[in-house]
Amino acid sequence: MLNSMMKTKIFAWVDRRTDAGAIIKSQLTEYPAPKNLNYMWNFGSLALLVLVLQILTGVFLAMYYKPSAAVSYGQYTVAFDSVERIMRDVNFGWLIRYMHAVGASAFFVVVYMHIGRGLYYGSYKEPRELLWIIGVVILLIMQGAAFFGYLLPWGQMSFWGATVITNLFGALPVIGEYLQQLLRGGFAVGDPTLNRFFSLHYLFPLLLAAIVGGHIHALHVVHSNNPEGIDLTKEEEKIMFHPYYTVKDAFGVGVFLLFYCYFVFFNPHAWGYFIEVDNYVPANALSTPPHIAPVWYLTPWYTILRSFPDKLVGVLAMGGSLAILFALPFLDRSKVRSARYRPVFKQMVILFFIDVIVLGYCGHEPPTPVLKLVGQVATAYYFAFFFLLLIVPKFEKTKPVPEGI
Amino acid sequence: MKLKQLLIAVGALSVVSFSQSAIANEGGVELKHAVIDVTSQEQIRRGLTVFTDVCMGCHSATFVTYKGLIDYPEIGLTREAVDELRGDYALTEGMRTDLSAEDAKGSYGKVPPDLSVIAYARKGGADYIYSVLTGFEHDPKGIIPDGNFNEYFPGHRIAMPDPMGWLDHDKEDTAQIEQDSQDVAAFLAFIADPHQNQRRAIGCWVLGFLLLLTLVLWRLKVEVWKDVKH
């Protein structure tokens, strides 16, 4: 189909002016990819799909949403009302809004899988260090976008979540107080906060789209890693991205959409994990919910924050837990990439995945002394993992890597 | 292999915690199960009657317009019936109580919450509503006065005074009160998301289509890849 399209007169006209044919060749039909990529390599294209879905649904939501904390009736505000009007009165507004809300969680599911794959198969190592670092920037912007977006319905968890997180900035020395007021647009979370968060929630996805472009460009310079983690030298080890990986990615999209649409149509709140129960209670500055927890995708970092009795140390640890991802390519100096041939690293990285799930669980549940201790142990391992990587290559007996695939 | 087992155990644990959070409210008491059908016009209409006769004395459902009572097929009242309900209120107005916030504060100490999305705003949803409505008991410790002690309300002290007359009711009334409470729970579960039945109906078609599409794409993938040794 692509071939016959490229033979048309219209395409020739466009091609002469844009070199579109060369781009298609270099990026798709003659872009070589390892032939042994497994299904863990599907999550990158899925992340791109969800990003597009989020931007499209978001654009339509913004046509009806009103960022105002002005009181409308009782405890309700103009912002909360506009969300409910979208759910009730806008034609298929419920679909667009649930797609966006479920999409936020789906985005993190696929991106966390994508990151986990990169960790396990050593995709962050030379020559892909910058590719990994751009990816970490994407993660940070995503978390920011998700956090800003969660304020918009102006429910209890929106309000108190934003209060807790903006409070964190106040713990920083010297600039903390100023930064906190800048974020809030005042001394407390209120109407100005809602307006600037809406503005930033629209800005961040545009940044994401641009940086994702850079991420893909960087990938197409250094090319994909593969499950064996070896450099491919022979031509027969590679296949063209199109049609092989376009069709494989399309199949992955089908499987993903099955899960996604199950949640959109049958379980949009996901038992209170995607949209928290308390966020259907309108924001009330005078009543703190008994238990404040961010949405599941931010809970691992929330646990790290809560694991330290001193607020400033907690904030620094939380920031450090994300910042350390930037340093990962330089901490792990082992020449072998894939965990398949690194027995010690393999145990460590699987334990790390479990560790992050445990951190997430601890951050979601109301704190108890036992959970607090579990969270602290998990936090300790989170950091230990990265620092152990410094010394593991010194004693780890790696298995011989294959010559080719 | 040990790690795999650990992984499975962690997975199982999270499933258990999911289901627990689905049935237990914040008080940690197991809720009574409400038998409701949000597609049943009969039950939702009965629930609407309980809502207008009892709940609306104090509570509003401001996102539910009188027009909605005609438009939603699950309620489908006639214009005449709605005109009777709404009195002087406009058709496009939400269902609001005549009790002012000040009077409510004077009588009960707080403003009764709006019930438009209450089924989503409380853990347990319809089960929670049903349990609270039929959860008024004498405080076993004798501290909280009758009518303010509720077995299922977090902290047990509730400002809402036994709307269904559950406390010390006659035995022969039990079934009726339980039915009325479940009906109003069904009504509230419906209005929390009035397009939910349409959503599920469309969802079946969407999933059916996607299942076929994915099947085709899978065969296509196998076909395209059949010459690649990997």
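Me: With which hand does H14(A) pass H15(A) in their crossing?
Reply: It's a left-handed crossing, H14(A) past H15(A). Keep in mind that this is a predicted model.

Me: And what are the residue ranges, axis distance and angle for H14 and H15 of chain A?
Reply: H14 covers residues 343-364 and H15 covers residues 369-395 of chain A. Their axes come within 9 Å and cross at roughly 150°. Angles over 145 degrees count as roughly antiparallel, so that's what H14(A) and H15(A) are to each other.

Me: Which residues make the contact?
Reply: From H14(A), they include Phe345(A), Met348(A), Phe352(A) and Leu359(A). H15(A) brings in, among others, Leu371(A), Ala378(A), Tyr382(A) and Phe385(A).

Me: How do the residues of that contact divide into nonpolar, polar and charged?
Reply: There are 15 nonpolar, two polar and one charged.

Me: Switching to chain B, what's its secondary structure?
Reply: Chain B has nine helices and two strands. Along the sequence the pattern reads α-α-β-α-α-β-α-α-α-α-α. Of its 230 residues, 33% are buried.

Me: Where does Lys141(B) lie?
Reply: In the loop of chain B between helix H7 (126-133) and helix H8 (174-191).

Me: Buried or exposed, that Lys141(B)?
Reply: Exposed, because Lys141(B) has 8 other C-beta atoms within 10 Å, and the cut-off for exposed is 12 or fewer.

Me: What separates the C-alpha atoms of Lys141(B) and Thr39(B)?
Reply: 42 Å, with the two residues 102 apart along the chain.

Methods:
Residues are numbered from 1 along each chain as its sequence is written. Chains are lettered from A and ligands numbered from 1 in the order in which they are written. This is a predicted model: local features need pLDDT of at least 70, side-chain atom pairs count only at pLDDT 80 or more; totals for chains, interfaces and linings use all residues. Helices (H or I, at least four residues) and strands (E, at least two) are DSSP runs, numbered from the N terminus. A residue is buried if 20 or more other C-beta atoms lie within 10 Å of its own, exposed if 12 or fewer, and partly exposed in between; C-beta atoms are placed from the backbone. Axes are lines fitted to C-alpha atoms, for helices over the stretch in contact, and angles run from 0 to 180 degrees between N-to-C directions. Angles under 35 degrees count as roughly parallel, over 145 as roughly antiparallel, 65 to 115 as roughly perpendicular and the rest as oblique. A crossing is left-handed if the near helix is turned anticlockwise from the far one by less than a right angle, and right-handed if clockwise. Two residues are in contact if their C-beta atoms, placed from the backbone, lie within 7 Å. Ala, Val, Leu, Ile, Met, Phe, Trp, Tyr, Cys and Pro count as nonpolar, Asp, Glu, Lys and Arg as charged, and the others, Gly among them, as polar.
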